[in-house]
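Please find below a colleague's note on the model, arranged as numbered points.

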There are 4 protein chains.
Amino acid sequence: MIKSPAEIVAIMMQNDAFSQWMDLTVEQISEGQCTLSCIVKEEMLNGFKILHGGISYSIADSALAFASNSYGNKCVSIETSISHTRPAKAGEKLTAVCREINRTRRFGLYEVIVSNETQKMVGYFKGTVNVSEEMW
Amino acid sequence: MIKSPAEIVAIMMQNDAFSQWMDLTVEQISEGQCTLSCIVKEEMLNGFKILHGGISYSIADSALAFASNSYGNKCVSIETSISHTRPAKAGEKLTAVCREINRTRRFGLYEVIVSNETQKMVGYFKGTVNVSEEMW
Amino acid sequence: MIKSPAEIVAIMMQNDAFSQWMDLTVEQISEGQCTLSCIVKEEMLNGFKILHGGISYSIADSALAFASNSYGNKCVSIETSISHTRPAKAGEKLTAVCREINRTRRFGLYEVIVSNETQKMVGYFKGTVNVSEEMW
Amino acid sequence: MIKSPAEIVAIMMQNDAFSQWMDLTVEQISEGQCTLSCIVKEEMLNGFKILHGGISYSIADSALAFASNSYGNKCVSIETSISHTRPAKAGEKLTAVCREINRTRRFGLYEVIVSNETQKMVGYFKGTVNVSEEMW
C-alpha cells in the first residue's frame with residue numbers, strides 16, 4: 001500500500017535524530033513540496049554569534065529530503081549548494097520552503113528558500129537527488 | 001599586532017557554539033589550510049540512521065571558515081556546495097582537510113575533503129569566501 | 001548620466017563576439033531581469049548530436065551578465081552552476097529567463113531557466129556576481 | 001569488444017561539432033583523466049574583451065565528458081559548476097586538466113582546472129555525472 005507524503009515524513013522524522021535536535025516543525029508536506037520551521041538556538045551559533053551556515057544547510061537539506069521522498073520512492077541527495085544571503089540570530093524563527101524545479105524518473109532538482117520572520121532570505125539552497133526504485 | 005592562524009582559530013572556536021556541540025578538534029591550522037576531526041554522535045544521524053548531510057556540511061564549513069580567516073582578514077562565505085559521496089555511521093571518526101584552490105585580494109576558493117577512518121571520501125565540499133579588510 | 005538597462009545591454013552586446021556568434025536575441029531587459037532567445041545551430045551540438053552543455057551555459061551566463069549589469073554598476077560573475085535537465089536539438093528555439101533571487105550592495109544572486117519551445121526546462125542555472133562600484 | 005579511452009574519445013570528438021568549433025586538442029586521455037588544450041579566438045570573447053565564461057565552461061565540460069566516458073560506460077552530466085578565477089585574452093593557450101575525485105558504479109565526481117600559459121588558474125570546474133549501463 002502506498003504511503004501518503006505525511007506518513008512518509010512521519011517515519012523519516014521519527015528516526016531523524018538531528019532534525020529532532022534542531023527541533024524542526026513540519027508546517028506543510030505534499031508531493032514534491034515541504035515547509036519546515038525552526039527556532040535558532042544558542043547552540044546553533046558560530047564564532048561571529050550568528051547562525052552557523054551548517055544549520056541553515058541542515059534545515060534546507062531536511063526539507064529537500066522530505067519533499068523529494070514524499071512521492072513514495074526513496075531518494076538520496078547527490079549534489080547540493082547553498083548561498084548564505086543574510087545572518088540570523090538566536091531566537092529568530094526560520095522557515096524553509098522546498099519547491100520542485102524539475103523531476104524525471106531518476107532525478108529530482110529542488111530549491112529551498114530559508115527566510116526569517118520578516119520574510120528576508122537567509123539562505124538559498126539547491127539540491128539534486130537520485131530517485132531509487134525502492135519504496136517507503 | 002597580527003595574530004597567528006592558531007590564535008585566530010582559538011578565538012573563533014572559543015565563541016563557536018555549534019562547532020563545540022559537534023566537538024570539533026583542530027588537528028592542523030596554517031595560512032589557507034586546516035584539518036579538523038570529529039566523532040559521529042547518535043544525535044547527528046538522519047532518518048536512514050546515517051550521518052545527516054548537514055553535519056558533513058557543517059564540519060566542512062567550519063574548516064573553510066578557519067582556513068580562510070587564518071591570514072588575518074575576516075572572511076565570509078558567499079557560496080558553498082557539497083556532494084555526499086559515502087554514508088558515515090555513529091562512532092566513526094571523520095577528518096576534514098581544507099585546501100586553498102585560489103585566493104585573490106578579495107575572494108578565496110577552497111575545497112574540503114571529508115573522509116572516514118579508512119580514508120574513504122564521505123563528502124566533497126567547495127566554498128567561495130569574500131575577503132574583507134577588517135582584521136582579526 | 002545614468003544609462004538605462006537597454007542602453008547598457010546594447011553596449012555589452014555590441015562588443016560581445018561570442019554572444020553574437022550564438023546569435024542571441026534580447027527579448028526583454030529591465031533592472032535585474034533579462035530574457036534572451038537563441039536558435040540551436042548544428043555547430044552547437046556535441047558528440048551525442050544534442051546541444052553541447054557549454055552552449056546552454058553560455059546563453060544563461062550572458063543572461064546573468066545582462067540582468068546583473070542592468071542597474072548601472074559593473075558586475076562580474078564569481079560562481080555559477082548549471083543542471084542540464086533535458087536535451088535540445090538543432091533547429092529548436094531556446095529561451096533563457098534570468099530572475100534576481102537576492103541582491104545586496106556588493107553581491108547578487110540570480111537564476112536562469114533555459115526552456116525549449118514547448119516550455120520544457122533544458123537547463124537550470126544559478127549565478128553569483130560581485131557588484132563593483134564602477135559604473136557603465 | 002571494449003574500446004580504449006583513446007578510441008572512445010576519437011568517436012566522441014568526431015561527432016562533436018562544438019568541440020571542433022573550439023578547436024580542442026586532446027593532449028592526454030586515460031581512464032577517468034583527460035587533458036585538453038585550446039587557443040582563445042576573437043569569437044570567444046565577451047563584452048569586456050575577455051574570454052566569455054561560457055567557453056571556459058565548454059572546454060571544462062568537454063574534458064569532463066571525455067574523462068568520464070573513457071571507461072566504456074556512457075555518462076551524462078547531472079550537475080556542474082564553475083568559478084571564473086582569472087580573465088583570459090585572445091591568443092592565449094588554455095589547458096584543461098580533468099581529474100577524478102570519486103567514482104561509484106552509478107555516479108562520478110570530477111574537477112577540471114583550466115589554466116593559462118603561465119599556469120595561472122582561469123577557471124575551476126566541478127562536475128557530477130550519471131554512469132549508465134550502456135557501453136560505447
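The points below take up the basis of the model, its confidence, the contact between two chains, and one residue.

1. This is a predicted model, in which local features need pLDDT of at least 70, side-chain atom pairs count only at pLDDT 80 or more, and totals for chains, interfaces and linings use all residues. Residues are numbered from 1 along each chain as its sequence is written, while chains are lettered from A and ligands numbered from 1 in the order in which they are written.

2. The predictor assigns the complex an ipTM of 0.95 and a pTM of 0.96.

3. Ten residues of chain D are in contact with ten residues of chain B, contact being counted if C-beta atoms, placed from the backbone, lie within 7 Å. On the side of chain D that touches chain B, β3 (73–84), β4 (93–103) and β6 (121–135) each supply at least two residues; strands are DSSP runs of E, at least two residues, numbered from the N terminus. The largest share, four residues, comes from β6(D).

4. Chain D superposes on chain B by a rotation of 180 degrees with 0.0 Å of shift along its axis (RMSD 0.0 Å), by least squares on the C-alpha atoms of residues with pLDDT of at least 70 in both. That is the relation of a two-fold axis.

5. S132(D) lies in strand β6 of chain D. S132(D) counts as exposed because it has 12 C-beta neighbours inside 10 Å, the cut-off for exposed being 12 or fewer.

How values were computed:
Two residues are in contact if their C-beta atoms, placed from the backbone, lie within 7 Å. A residue is buried if 20 or more other C-beta atoms lie within 10 Å of its own, exposed if 12 or fewer, and partly exposed in between; C-beta atoms are placed from the backbone.
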